[in-house]
Amino acid sequence: MATPAALPPLPFNPSRVRSYVLRLPLFTRLVLLAILVFWLLEFQTMWSVVQWGSVIPEEAGFGTMYRLNTYPFIHLGFFHALLNVLALTPLLERFEAEHGTLTAVALFIGPLSTLPAGIYILVEKFVLHRNTAVVGSSIWVFLLLGSEAIRTFKSNPYFSLGTTKIPTWTSPLFACALVSILVPNTSFLGHLSAILVGYLLGLGFLKIFVPPEKVLRWIEGKLNLLGRLPHYVSVDQKTYGRYGVLPTTTTGGERGTPMSFLGSSQRLGPTTTAVIRKLRNNPHFLFVHLPHILSFICIVAGVVWLLLLPLNDYSRQTYISENALLPGQVHAYFSGSEQHIFRGYKKELEDVLAGQTEDGQERRNDEFTPAVSDKIQSILKATGLKFATQNYEYTSSGITHQGQNVYSIIQAPRGDATEAIVLVAAWKTVDDELNLNGVTLALTLARYFKRWSLWSKDIIFLFPPDSKAGTQAWIDAYHDMQPAFVQPLPLKSGALQGGLVIEYPFDHRFESLHILHDGVNGQLPNLDLFNTAVSITGGQMGIGTNLQEMWDHDDSYEMRLETIMRGMVKQGFGYATGPHSSFMPYHIDAITLQTKGDGWQDEMALGRTVESLCRSLNNLLEHLHQSFFFYLLMQTNRFVSIGTYLPSAMLIAGNFTIMAITLWLRTGYYPGNQQSPQASKSTKEQAATATDKRDDKQSPAQPDANNIIERQLALPLTLVVGLHLLGLIPLYIFNNISHKYYPTATYTSILANLILPLLLAAILSHGLNPKPQQYLLIKSFSLLILGLFLSTLATLNFSLSFMIGLLCAPLSFVNRINPHTNSCLLRYILATLGLALLNVLSPSVVLLAACKYFGVDVETVLTQAAFGWDVWGVWTQVVVWCVWWPAWVSGCALVGFSLFSS
Amino acid sequence: MTVLSLLTLLFVVALSSFTSATSDYHESLNLQPLPQSALLASFNFRSNESQESFDERNFRYFPRALGQILQHANTKELHLRFTTGRWDAESWGPRPWNGTKEGGTGVELWAWIDASDDEAAFAKWITLTQSLSGLFCASLNFIDSTRTTRPVASFELMGDHPASSNLHLLHGTLPGEVVCTENLTPFLKLLPCKGKAGVSSLLDGHKLFDASWQSMSVDISPVCPQSGECSVHIDQTVDIVLDIDRSKRPRDNPIPRPVPSDQLACDTSKPYHSDDTCYPLESTSEKGWSLTEIFGRGLSGACPLTENVDQEEPVCLRVPHEREVVVASGAVETKKPDGFTRCFTLQPSTPFDLTIPEQEVTTHVPLDEPVLSAERTIVGHGQERGGMRIIFDNPSDTNSVDFIYFETLPWFLRPYVHTLQASITGRDGLRRQVPASQFIRESFYRPAIDRERGTQLELALTIPPASTVTLTYDFEKAILRYTEYPPDANRGFNVAPAVIKLGAANGPNHPIYIRTTSLLLPLPTPDFSMPYNVIILTSTVIALAFGSIFNLLVRRFVTAEEATALTAQTFKGRLAGKIVALRDRIKGKTAKTE
């Protein structure tokens with residue numbers, strides 16, 4: 001049996017409140033209305049309602065008798081009225097429902113207002129001799145509570161609290177006490193008298209005031225109140241108490257079925273349910289159209305997300321996270337006579353360069369010859385530093401890179417070779433210019449730093465002959481991870497905490513510093529290091545800083561976006577952008593400072609910058625870890641952190657996964673060989689979408705739920721795995737042949753890319769005659785691997801994942817064109833168009849196009865890539881040949897199948 | 001004659017002097033300029049107490065604080081070292097006292113404790129470390145079981161002990177401890193003159209801890225001559241290598257600013273030399289200095305408690321005799337016949353100073369070649385595993401070197417001893433992989449127990465002449481519980497230096513000790529804001545994903561009509577229907593159902 005309707009049980013339900021309010025009986029409504037009207041009346045200032053209607057003991061008299069009836073309707077303000085209404089409504093409603101409207105009117109207009117007021121006036125005026133006016137319907141609240149309490153007492157006399165038994169009739173007294181304590185300006189006496197009357201009512205002493213039932217019936221019958229008044233509670237309708245027998249019919253309709261929670265949720269979202277039901281009834285849309293729409297939305301959202309990043313709302317101002325760094329808090333003393341020494345060292349090096357020029361040759365020989373190495377060593381020796389050399393030799397693409405690193409260590413005066421900072425000055429800069437000033441500056445700084453006793457970390461000065469291989473050889477050997485043709489280091493120090501590279505490749509003064517921070521494979525140094533450099537350079541030294549070769553960055557949206565894009569391209573290719581890049585794989589944060597422009601900053605300013613940076617790094621108590629390692633910089637002082645930018649690449653990677661999962665579902669429930677009568681003949685321009693559409697329309701609109709078919713996995717799995725393994729062949733070829741053959745290899749690969757999918761398609765369709773389901777499975781597996789890989793890659797190298805994801809985006813939408821639905825000619829045209837489009841997006845063609853666009857030689861690019869693979873450990877090629885290329889070939893083969901299907 | 005033999009001589013002299021007196025005090029200071037403007041200052045303070053008075057707690061020169069701790073902890077022999085910096089053997093030659101008076105970076109403590117068994121010894125050891133921790137203001141109380149080892153062959157008893165005693169050797173290191181003035185002050189308080197007089201009055205924290213290398217040691221051991229009563233000897237040393245240039249900088253202007261252009265020493269022979277271009281000329285002459293300049297304060301006369309104040313020559317200087325040395329009046333200079341040593345007497349309460357002007361010299365004090373050089377580094381990268389590489393270089397062309405290599409590794413560094421490999425590089429520079437057993441004569445290995453004790457590895461090695469031997473082994477880095485990380489977790493964890501004991505180099509009794517530098521081991525460190533983020537994130541994910549998926553899985557979506565039908569179909573529903581019907585029949589009513 002259901003609980004009575006009058007008691008709305010929890011959980012609170014708004015719809016139930018609404019229905020409750022709508023079902024309030026007549027007298028309750030009138031009372032509420034009166035309270036509202038009197039409250040509104042108080043807003044006017046001419047006539048004080050409170051003064052007029054409240055019970056004031058002093059003014060008690062026959063002329064003011066009306067007050068005994070008006071005071072419950074009048075309140076002192078909004079909250080007074082609201083709280084009383086909230087408390088009164090359920091009580092009054094219940095009373096009226098139990099006793100009928102007429103009885104309620106008779107009682108509440110009569111004795112139930114006058115009696116408590118009378119008691120109050122008596123006590124207040126004649127016992128206490130005070131004159132406190134009372135007003136408000138709380139009188140009725142406590143009165144009804146009192147009567148309820150008596151009723152509860154009859155059925156349930158005690159309320160046990162431990163061993164003590166509290167009679168339940170006292171509960172209104174507690175409530176009254178609590179209210180008078182908690183709520184200010186409440187009349188305790190008034191409430192008390194109301195409770196007293198309530199007790200009397202509950203005990204039945206006030207029955208004499210209740211009009212006899214016969215009279216009530218007569219009035220009701222004569223006036224036809226039941227028919228005329230809405231919400232009228234008839235004498236017959238009254239419920240005779242809550243525990244009486246209720247007719248089942250009254251509750252059934254209101255309370256609903258046991259599943260009413262479902263009903264309520266349906267009421268909340270009728271449109272959503274309708275959409276879901278519609279979807280369920282339209283599996284063709286659910287399995288075929290919806291995934292395409294979702295995938296497309298994912299791709300668009302991913303791109304739009306990236307475009308939003310430069311906005312102020314999505315990017316943040318940079319800040320120094322590591323308090324120990326204290327950038328720019330020290331005075332840099334590198335100046336004065338140190339410049340004389342700088343000039344002296346520079347002359348020494350220039351002499352060596354002049355000396356190694358053959359007679360009659362104008363251009364001096366800039367190579368890092370043993371003579372240069374010896375000169376650097378002799379200067380270091382004269383300074384009293386420990387120094388050592390390291391020979392290395394790398395062979396990549398048939399080119400040998402060899403050289404000799406010179407390095408020296410300033411041992412921290414009280415240190416114990418546990419930590420070190422590296423300062424690198426390569427003989428040749430990233431752009432292959434002679435870094436004479438940089439090397440000289442490093443030598444001068446070495447001599448200068450030696451005098452300081454404050455170093456807590458060893459400082460290593462490294463002079464590699466070039467910016468590509470030298471640092472890599474050195475850092476590999478430092479961790480004893482060097483290949484056989486690289487010498488181990490004879491002199492070592494502790495764990496490297498940071499690296500700085502100085503480049504000053506010209507003789508004039510410079511204007512600003514260009515900070516390079518990209519590492520190998522898109523790894524980045526801790527943002528704190530970059531921020532420290534910017535803070536010191538800009539804040540302390542007053543030198544401008546640039547980023548990503550953006551020389552005139554005006555902080556506009558376009559400039560910010562361009563900076564991000566340049567950063568992403570570098571990150572995506574994953575090559576070393578400078579000597580600092582080699583440090584990154586070993587979790588050593590490093591940056592390159594390049595002097596740029598023609599201004600008034602001299603080498604001493606650069607020296608002071610480096611000094612201040614070294615002092616900051618020297619302050620470090622822990623390895624740089626506080627700030628971000630994953631970020632996109634759009635300005636030297638604005639960045640986006642991984643949490644903000646990652647969804648962009650994830651969305652693009654997710655599009656493949658969505659497609660793969662739906663294809664998997666579709667192959668299980670959705671036999672593709674059934675013919676659909678309503679296959680449309682409409683054509684679309686876009687081959688990619690069109691091919692797909694063809695295939696979709698074949699499916700029946702109403703599939704049988706039991707139509708579960710077995711998936712035949714052998715062929716699709718073998719093909720997809722085989723293609724991924726096949727990717728190792730181009731990977732090997734492009735990293736191991738001589739540089740001369742790179743253009744040839746590229747063109748060959750374009751040709752191979754053209755033929756291989758068609759060959760695959762021809763062989764498979766004639767040899768194995770795969771089922772339509774298997775085509776879908778091939779696509780599903782291929783996209784699944786792609787999606788999985790790209791989403792994983794996004795956390796490591798966001799940019800690479802994003803770029804590959806975009807280039808692979810069409811693969812989500814290509815499919816085999818069903819031979820049964822289209823005319824032969826149309827099918828061939830569409831398939832050829834699709835293949836042509838896909839071939840434009842093949843790895844090799846993209847490489848060629850990019851080379852054309854940037855105006856660089858394919859051979860150079862591939863030589864560099866192979867060098868990166870051999871020396872730096874770049875794995876962009878693995879992603880290209882073992883992830884992108886196999887997915888691409890599967891996509892092409894799928895389109896190719898439509899040419900060969902019987 | 002070399003510094004090595006001189007120091008050995010001092011050592012022997014010290015030992016012989018011990019035998020004669022029952023309770024006396026000696027102090028000495030040896031100064032020796034080293035290459036690259038360094039100056040080695042070796043302070044030595046020795047005193048003793050007869051065993052009888054020691055047992056009766058009747059202390060005269062022996063510090064009472066230390067004596068009581070030793071008695072309380074049943075410690076028969078104690079060696080305590082505080083060291084900072086690294087000894088540059090390449091430039092400075094062999095170590096003072098043959099390395100016997102120095103420890104690894106930080107604090108090193110080893111002691112022989114008389115106890116019935118290992119547990120009792122360890123309990124006493126903990127008592128000892130706690131007490132010394134208070135006495136020396138050092139974190140010695142952090143030497144717990146994980147940092148305590150029981151070396152087998154690396155340390156020897158220095159004193160004479162009765163055969164009946166059951167001695168346990170315990171050894172502990174704190175490589176990360178920073179030694180500073182708070183350790184020096186209690187150290188000086190142990191001296192009879194407490195740094196107020198005698199050579200110890202030179203010891204000033206500011207200069208001492210600005211040194212390039214610095215080591216303080218306390219050695220206590222009982223000595224029992226064949227005839228005569230036993231006595232307890234305490235030997236305290238302070239060895240520092242000061243940078244003369246740096247120490248001479250005035251305290252109010254310690255910043256090494258660039259010198260004014262006119263004071264720049266330039267190589268004027270260079271063709272490009274001009275007012276604004278200068279190739280710096282490093283001066284070849286020996287630096288001039290004085291005790292007051294170097295130590296920041298003067299030597300305030302002899303310590304009056306020294307035996308035979310008049311005959312003692314506590315201050316010795318090792319420079320060629322041709323160098324001019326100006327001493328304060330009253331001091332008597334004695335030139336030793338070896339041509340390099342001169343010693344000075346001190347007068348009580350008469351300040352002593354010693355000034356050496358800058359001078360071009362032709363002869364230099366010869367420095368010995370180190371017998372062996374060792375380098376130990378962590379190689380590899382990544383958070384999971386790494387490798388240890390130890391390089392031993394034997395510079396001698398004729399003699400092979402035998403030694404004991406002792407290292408203690410913290411438990412979170414888990415070595416794989418089976419990966420121990422050796423390679424040898426001759427003077428030809430060719431590196432050959434050889435089995436490690438070719439060099440290892442004996443080995444003692446005690447594996448670590450997580451959170452209880454560290455790894456102990458002792459190897460007896462022989463390095464052939466003129467060769468460099470590289471030992472490598474791999475290790476795995478343990479993942480600590482997040483509460484076990486120190487506040488500066490990302491700095492890395494200190495690994496104590498290895499101790500190398502060269503045996504019979506100068507006779508069987510006086511081994512040479514070499515210590516490698518300490519290491520910094522980066523461990524996988526959690527992002528400590530992570531737990532908070534993770535809890536929030538996982539809670540949200542669980543609440544959202546799990547909640548809705550679970551809901552979807554267990555809930556069946558049916559229409560209201562279906563629901564009624566389904567309820568009626570189930571056993572429970574039918575049973576309920578039956579009950580209602582039955583009850584209605586009993587009550588004689590007809591239930592109106594929908």
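**Entry 1: A:Ile459.** I began with A:Ile459, which counts as buried because 25 C-beta neighbours lie inside 10 Å, and 20 or more is the threshold for that class. The model I am reading is a predicted one. I located A:Ile459 in strand E7 of chain A, which covers residues 458-463. I then listed the contacts of A:Ile459, leaving aside neighbours within four places in sequence: A:Ile410, A:Ala420, A:Ile421, A:Leu423, A:Phe449 and A:Cys614. I also looked up the separation between the C-alpha atoms of A:Ile459 and A:Ser408, and found 8.4 Å for a pair 51 residues apart along the chain.

**Entry 2: cores.** I next looked up the largest nonpolar core and noted 204 residues. Those with the most contacts inside this core are A:Leu423, A:Ala442, A:Ile459, A:Phe463, A:Leu500 and A:Ile502. Helix H34 of chain A, residues 876-900, supplies the largest share of the core, with 15 residues. I recorded a second, separate core of 80 residues, which includes B:Leu34, B:Leu202, B:Leu208 and B:Trp289.

**Entry 3: A:Leu500.** With neighbours within four places in sequence left aside, I found A:Leu500 in contact with A:Leu423, A:Val424, A:Ala590, A:Ile591, A:Leu593, A:Val610 and A:Leu613.

**Entry 4: confidence.** I checked the pLDDT of chain A, which averages 83, with 88% of the residues scoring at least 70. Over residues 1-11 of chain A the pLDDT stays under 50, and I noted 12 contacts beyond four places in sequence for this stretch in the model. Residues 670-705 of chain A also have a pLDDT below 50. For residues 670-705 the model has 68 contacts beyond near neighbours in sequence.

Note on methods
Residues numbered from 1 in each chain as written. Chains lettered and ligands numbered in written order. Predicted model: local features only at pLDDT ≥ 70, side-chain atom pairs only at ≥ 80, totals over all residues. Core = buried A, V, L, I, M, F, W, Y, C linked by C-beta atoms within 7 Å. Buried ≥ 20, exposed ≤ 12 C-beta atoms within 10 Å, placed from the backbone. Helix = DSSP H or I, 4+ residues; strand = E, 2+ residues; numbered from the N terminus. Contact = placed C-beta atoms within 7 Å. pLDDT = per-residue confidence, 0-100.
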